[in-house]
Amino acid sequence: MGSTGEGLGRRDLIKRSAALGLITVPTMSFLSACASGGEDGSTKGPDKAAVTKENPFGVAKGGKLDVVVFKGGFGDDYAKAWEAAFDKKWGTTSSHLGTQEITGKLQTRFNGGTPPDVVDDSGAQKIKLDVLAKAGQLADLAPVLDAPSLDDPSKKVRDTLIAGTVEQGMQGGKFVALNYVYTVFGLWYSGKLFKEKGWTAPKTWDEFLDVCKKAKDAGLGGLAHQGKYPYYINVVIMDLIAKKGGLEAMKAIDNLEPNAFEGNAAALAAVEAVYEVVEKDLLMPGTNGLTHTESQTAWNQYKAAFIPSGSWLENEQLKQTPDDFDMQFLPVPLLADSKLPFEAIRAGAGEPFIVPEKAANKAGGLEFVRSMLSREWSTLFAQQANSLTVVKDGVDPKVKLRPGTQSAVTALKAAGDNTFNYLYPDWYSAMDTEIQDASNELMAKRIQPKEWIKRAQAAVDKAAKDPNAKNNHRS
Amino acid sequence: MSQVATSRGRVGFIAGFLVLPLALYLTFVIWPYIQTFGYSFTNWSGQSPTFGFIGLDNYTALMKDEVFLGALWHNLLLLVFVPTLTILLALFFAFMVNAGGRSGAGGVRGVRGSAFYKIVYFFPQVLSLAILAVLFGAVYRSDEGGLLNGFLIGLGLVDPAHPVEWLNEPNLVLWCLLLVVVWHGVGFYLVLFSAAMQSVPKDIYEAALLDGAGRAQTFVKVTLPLLWDSVQTSAVYLGIAAMDMFVLVSTMTSGSFGGGPDHHSEVMATVLMRNFLYFGKSGYACAMGVVMLVLTMILSVVTLRATRRERIEF
């Protein structure tokens, strides 16, 4: 032993291997995320009972049911209530997981071929439906639609749903996701604030700007938006496009047409209208950098007149909303020469429930989805989560609604058949993200409306190059 | 003969101890690495066990991906600034705390209250990155409720109607994040350098003092050379932190998995995660992972080579 003759001193060796270890550890946490488990080997043969009219999928009595739901704005008490009801009827033992980390908990299970039987695939960490569908992981839910309704066996489930539900759940021409919660989108304001200040709810964009100006004169912001998540301001932009240009303009975007934005006068008018709010300095100060909770809470504190959101807003802000706030829904106001009336609103089903193709108890999963579409379970949901479902007339009239939800229901009634809904966010994640990035730049005054149009069209063109885009088409 | 035998016996002895950790390392580190290499040549979506082999397509696409190249540039910027700033500050503070005091009768010591400073500087290190993100979210908040904005508005430097949107300003966002990392890291390296400084014999300092060296001279001519080993290791470690940055960027900036506004704070890890989990392009994301790995390896080799110096034994 001794220091002579050794190329590498002991201390050197230890130090270097420590340094190498330091490199490998952090890199590894990413790389190991890439590694999938073993291949999908054994397909379990689930017990099946005979298929009857009461039991259209052949659910075996006394089996197991594995339910995973997103535990977000709606909580997960509703799901526990459902599972209890399901277990009682079918003698099953259901396991429940309410989580925000859908991807974290389920990605390996999908890859390993052992997914749960029913999943509410929602929230920021949902597994994107287009991705799951392309990978063939989603069961076709058409059999549920064609099964008899639990409320009235002479009717098919399909006929008990609000129009558009089926379309919203299509991926590549197959009905794979039941979007269960019915949501309306638009602007929101405080009835109390408006009454106090003597403002009236605007119906045209000019009136809207006028209220914003009055708000600014009164020392508060006109429009607040959830700047860190440009998703919300996109609601305003996209609604303006659909209302000005009609359903054709909306479909052109969903169908990735080469003139979806570029050369579409309605799109340019809509973006310019939103940009006017920025240019005239009518935004709530600092709103571009705030998270959804920060800006919504500021709005609850009467720091701005309007905020865009879906009808989950009331439930989400339950604690922050003053008792006399009187939350009210407002359809996005009209631009001149719009093709759709003021009452037209974006309304659609959200909170997609899926049954994995490789579920161990697929029949149980399908039956669970069918039960969700009964009036009994729909009412359970309305009671527990304070929101509406896609079941037509699916809530007992006894359930009393809060002012915001009530105003959304009224708006929905006024809209009648004039509801519309974009599908591209579900179909093309990357395109949605790129348009959101452009909107973020627009609101910060870093790009002009024309540049926004260029970038949005580029996003559309890029999505159109994906060979899978051919499977998605709406008419 | 005996030399060979002892060396052979030693190898067996060492190997015996290494079998278990090596097996774990192979299973949980090396095997995923190899898998990642494999996946990087496929169009795997990340949600299914089926995929097709597409050769080097992912890598050629990567070279043209402006978002990824921008992220790479940001990582390189951070790579330069995070270690430099953190180490310089930590060295300065460590020196002041340990040897920067006025030489009294007792010879070398730190500035007054140095024990207290040592503890205070270490505080940020005990916070997890998730807490840091929340904390600095409140500091950088874009309306008058933010700490920085509130302060600047109070001083009359910022118009309350147009507060600075720190994390939504393309030219500021990366530097705001850099500041968080440096703030977080200085305390730890201060303690590390302090420990190294304390192992330097006092007589060397005293000799330097007797020869009439001032603080600056003592630092440059005595402290730094004796601390070189620690500085070198710190540089590698901080460099790796700069190549990562995932937690802070993804939680503090806008965009899915962060990176906003408009990709101005994007780092490789956030682009990787977005492609892996959100866009269903996991094969492509694995190619990014491989690029990250290669770059980090090059970085560590270069750092260790470039900073190799003669060791001073004491």
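Here's a quick rundown of the aromatic contacts in this structure. It's a predicted model, where local features need pLDDT of at least 70, side-chain atom pairs count only at pLDDT 80 or more, and totals for chains, interfaces and linings use all residues. Residues are numbered from 1 along each chain as its sequence is written, chains are lettered from A and ligands numbered from 1 in written order, and side-chain values use heavy atoms, with hydrogens and water left out. Over all chains, there are 48 aromatic pairs (Phe, Tyr or six-membered Trp rings with centres within 6.5 Å; planes under 30 degrees apart are stacked, over 60 edge-to-face, the rest tilted).

**Chain A pair**
- The partners are 201 residues apart, with A:Tyr180 in strand S6 (178-190) and A:Phe381 in helix H14 (375-385) (DSSP runs numbered from the N terminus: helices are H or I, at least four residues; strands are E, at least two).
- Both A:Tyr180 and A:Phe381 are buried (under 20% relative accessible area; exposed is over 50%, partly exposed in between, using a 1.4 Å probe and protein chains only).

**Chain B pair**
- B:Tyr140 and B:Trp166 have ring centres 6.4 Å apart and planes at 45 degrees, so this one counts as tilted.
- B:Tyr140 sits in helix H5 (129-140) and B:Trp166 in the loop between helix H6 (147-154) and helix H7 (173-198), so the pair ties together parts 26 residues apart in sequence.
- B:Tyr140 is buried at 4% relative accessible area, and B:Trp166 is buried at 14%.

**Cluster**
- Ring pairs join residues of chain A into a cluster, among them A:Phe74, A:Trp90, A:Tyr180 and A:Phe381.
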